[in-house]
Amino acid sequence: MTNLKPKAERQSDGAEGPDGGWGWVLVGAMFVSTSLVFGLMRSLGIFFVEFVQYFEESAQAISWISSTGLAAQQFFSPLGAALCNAYDARVVVMTGGCLAALGLILASQATCLVHLYLTMGVISGLGWGLIFTPMVATVMANFTRWRALALGLGFSSIGLSSFAFNPLFQWLVEMYAWRGALLILGGLSLNIVPCGALIRPKQCSKARAKVDSKSRTSCTAMLHRVSSYLELSLLFERPYITYTFAVTLLNVGYFVPYFHLVAHSRQAGFSEYQAAFVMSAAGATDILGRVVSGWFSDLRHFRLIHLLTMWTTLAGVFIMLLPVSSLSGSYAALMVISLLYGFCSGALTSLVFAVVPMIVGVERMMGALGLLQLIESGGGLLGTPLSGLLKDVTGNYVASFVVAGGFLVLGTLTMATLPHFFSCKDPPPPQRRSLQDSTKGLHSELEQMNSLPSDTNHRGVNDLTPAVNSNPQDCVS
């Protein structure tokens, strides 16, 4: 019996220690699943030209396909986070893999753009939303010291898949046309299901189950329960709102090169495979940027928020230079700028999520990531169609890339308004009481307030206010 407690402690430490324990297996699962979400999404630019020619629509109309998928992925992320908080991340991710595959398979039979909006956009986007946030939050929960490195390794698959998928998709389109290529991608997306199966089932404590069973007896308690799963109290905290707004601005321009750089390269006079190789080269340096950024960030020489603003600013500048480098018809210049852009865009990605626990705390990380994805979906929905509109108006992509890069720079300026931004040390992360303690405290205070006479109700409310405000999770939305 004396060895049981140390063993349990060692297991707990293994889950959150420097090595991560089973967390490294989850990093591998995240590596595969993110490549089949964002790696695939980044490579859809290969289909852009095919859709324009087949449906004979404008660049703006075709851009709504990828933009809808990205926005749906981010819009449904809070749903995925809430389902994970309420039930089990394992089932949620596996369901998302099936939906992502179903959307692509149905898209292969589309006869108009509306069909593509609904299949590649809504259905696959819903599946991607159920996959990405739970996988990221699960990996982050299994690491402390090397959290940024773990995220960098997991996200490196996006760059690797971008390097491999662009030539592969181009070959699939030439061999099987765009319909056959989408059908194959649907089957490929089913590999997300076994990745989700690697997540260990969540073990709910008896105290949590008792609280949940009591929550069903009252409508107000049910609303409180839903609010706690979604972490809606974060919407009233200035640091989180400021950071979310900054990421939303970043998101407006971040994906524009992945959807329009291939089309821009072909418009500049380069061949199909040369244009595809530009994105592949950017994907290669993207891999390096993610791993190097994660490793360097975990050395703790600089604050994560400062490194994030640096990489975001550089990425914005290089996006602005992408069309300028190809105006002279120099393929070498376009390649160099693409390599630099790929490194910086990869370096900032893992830091965007690694900063979240430092703003809201680890306990509210799942819900915070879901809400972040939801709010920034507005930026993803706006960015690509805006780029397509500017191309239709001006006849080229120069204005599109300049505006996209400007949004990234504007996002860094917004981050500079965060509390303690100019401090050299990170402020202590906010702490939250356990669910059981919070529920007991709230119920006892409500009972005390209801038991007071009518002439002393005002004093009861005043007594309750500090306790509720001290824990935003207890606030009923």
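Me: How many disulfides does the structure hold?
Reply: A disulfide is a covalent bond between the sulfur atoms of two cysteines. In this predicted model, the number of disulfides that the structure holds is 0.

Me: Is C195 buried or exposed, and what is C344 counted as?
Reply: A residue is called buried when its relative accessible area is under 20%. C195 has a relative accessible area of 8%, and C344 has a relative accessibility of 4%, so C195 is buried and C344 likewise counts as buried.

Me: How far apart are the end C-alpha atoms of helix α7, and where does α7 bend?
Reply: Helix α7 covers residues 113-141, and because each of its 29 residues is taken at 1.5 Å, the helix should span 42 Å. Its end C-alpha atoms agree with that, being 40 Å apart, while the bend in α7, of about 30°, is at G125.

Me: Which way does α6 run relative to α7, roughly parallel or roughly antiparallel?
Reply: Two packed helices are described by the angle between their axes and the distance between the axes. For α6 (residues 89-107) and α7, the axes come within 7 Å and cross at roughly 155°. Angles over 145 degrees count as roughly antiparallel, which means that α6 is, relative to α7, roughly antiparallel.

Me: How many of the residues of α2 are buried, and where is its kink centred?
Reply: Helix α2, residues 23-42, reaches 26 Å from its first C-alpha to its last, close to the 28 Å expected. It is largely enclosed by the rest of the structure, because the buried residues number 15 of the 20, and its kink of about 35° is centred on S35.

Definitions and conventions. Residues numbered from 1 in each chain as written. Predicted model: local features only at pLDDT ≥ 70, side-chain atom pairs only at ≥ 80, totals over all residues. Heavy atoms only, no water. Helix = DSSP H or I, 4+ residues; strand = E, 2+ residues; numbered from the N terminus. Expected span 1.5 Å × (residues − 1). Bend = angle between axes of the 7 residues up to and from the residue. Disulfide = S-S within 2.5 Å. Buried < 20%, exposed > 50% of the residue type's maximum accessible area, 1.4 Å probe, protein only. Axes fitted to C-alpha atoms, helices over the stretch in contact; angles between N-to-C directions. Parallel < 35°, antiparallel > 145°, perpendicular 65-115°, else oblique.
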